[in-house]
Amino acid sequence: MIESRIDKLPPYVFNLLGLMMLLLGWEVLARNYSGLVVAAPVETLAALFKLLGNKTFLIMHLVPTLKRIILALVIGIGSGAVLGVLAGLMEPLRLMLAPIRWILTSIPAIIVVVVFMLWFGMGTTMVVSITSTMIAPIVYVNVADSMRSVDSSLMEMAKVYRMPLHMRLTRIYAMALASPLLSSVVIATGNCIRLVVLAEMFGTNEGIGHALAISRTNLQTDDLYALTILAMLVIGGVEVLLLRPARKAIERRQT
């Protein structure tokens, strides 16, 4: 009886329950440890609103980070999707790209940050190059695998009717690629924001990552936690405002 009632509850109830448990655990930790180690939730929330109300912070740190995220997403997703399509169409190219894909997906991000700092110096070019290079393989793998898994009977029919390449791409491949591509974009977006913040911590003079590094150096734990939450809000905002509507639009078109 109890299980059936629990099953009838809407999903957001369990989301809220999990969030409340997280906040409770956070509060317990904050009361048992120094404020230099764990900032209290209330202090973190106050620091977050203070940051969002600070125009200097928004212009010097939030805006540059958002620009780098957008640039890295466009370059990383675009290059990964194009290479994935080409690799799906040309098996020799897929085999040639396999070692590069393996290196990029297995090498630790911090090593890439250090190497790219040597190559590009400090600043936006370094951050965008690192991030786009690291997220491109995520998209590439999903697109290439989806291209190879397209229904062979559809391809045979396309050959029989001599369907042009652009029509195969838009009428057959695009429908097969839509869902896997969007899933890979969701993963790439989360990784993109984490990588941008990480690269900014080591190699820029502005951005959320740089602000995090300053807060850590000055032991401003409440600001440190607030910036972490801000980065999470950016990820959540991109997913809710852009990716979920896109997923629903694709699902409606496929049904």
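User: At roughly what angle do the axes of helix 5 and helix 7 cross, and within what distance do they come?

Analyst: This is a predicted model, in which local features need pLDDT of at least 70 and side-chain atom pairs count only at pLDDT 80 or more, whereas totals for chains, interfaces and linings use all residues. Residues are numbered from 1 along each chain as its sequence is written, and side-chain values use heavy atoms, with hydrogens and water left out. Helices are DSSP runs (H or I, at least four residues; strands are E, at least two), numbered from the N terminus, and their axes are lines fitted to C-alpha atoms over the stretch in contact, with angles from 0 to 180 degrees between N-to-C directions. Here the axes of helix 5 (residues 91-106) and helix 7 (residues 124-148) come within 10 Å and cross at roughly 145°.

User: Is the crossing of helix 5 with helix 7 left-handed or right-handed, and which residues of the two helices meet?

Analyst: A crossing is left-handed if the near helix is turned anticlockwise from the far one by less than a right angle, and right-handed if clockwise; helix 5 passes helix 7 in the left-handed sense. Contact means heavy atoms within 4.5 Å, and on the helix 5 side E91, R94, L97, R101, L104 and T105 meet T133, M134, P137, Y140, V141 and R148 of helix 7. By class (Ala, Val, Leu, Ile, Met, Phe, Trp, Tyr, Cys and Pro are nonpolar, Asp, Glu, Lys and Arg charged, and the others, Gly among them, polar), this contact of helix 5 with helix 7 holds 6 nonpolar, 2 polar and 4 charged residues.

User: How does helix 4 pack on helix 7, and into which classes do the residues of that contact divide?

Analyst: Helix 4 (residues 55-89) packs on helix 7 at an angle of about 35°, with the axes 6 Å apart, and the crossing is right-handed. The residues of this contact of helix 4 with helix 7 divide into 19 nonpolar, 8 polar and 2 charged.

User: How many aromatic pairs does a search of the whole structure find, and why is the pair of W26 and Y225 stacked?

Analyst: Rings of Phe, Tyr and Trp (its six-membered ring) pair if their centres lie within 6.5 Å, and planes under 30 degrees apart count as stacked, over 60 as edge-to-face and the rest as tilted. The search finds 3 aromatic pairs. In the pair of W26 and Y225 the ring centres are 5.9 Å apart and the planes stand at 25°, so the pair is stacked. Because W26 lies in helix 2 (residues 11-32) and Y225 in helix 11 (residues 221-254), the pair ties together parts that are 199 residues apart in sequence. W26 counts as buried, at 18% relative accessibility, whereas Y225 is partly exposed, at 23%.

User: What is the arrangement of F116 and F120, and which residues do ring pairs link into a cluster?

Analyst: F116 and F120 form a tilted pair, 5.5 Å centre to centre with 40° between the planes. They are 4 residues apart in helix 6 (residues 109-120), and are therefore separated by about one helical turn. F116 is buried, with a relative accessible area of 10%, while F120 is partly exposed, at 39%. Ring pairs link F116, W119 and F120 into a cluster.

User: What is the phi of L219, and where is L219 placed?

Analyst: Most residues other than glycine have a negative phi. Phi of L219, however, is near 55°, a positive value; L219 sits in the loop between helix 10 (208-217) and helix 11, and is exposed, with a relative accessible area of 52%.

User: How many helices and strands does the chain have, and what percentage of its residues is buried?

Analyst: The chain has 11 helices and 0 strands, and buried residues make up 34% of its 255 residues. Among contacts between residues at least 6 apart in sequence, 73% join residues at least 24 apart.

Terms used: Buried means under 20% relative accessible area, exposed over 50%, partly exposed in between (1.4 Å probe, protein chains only).
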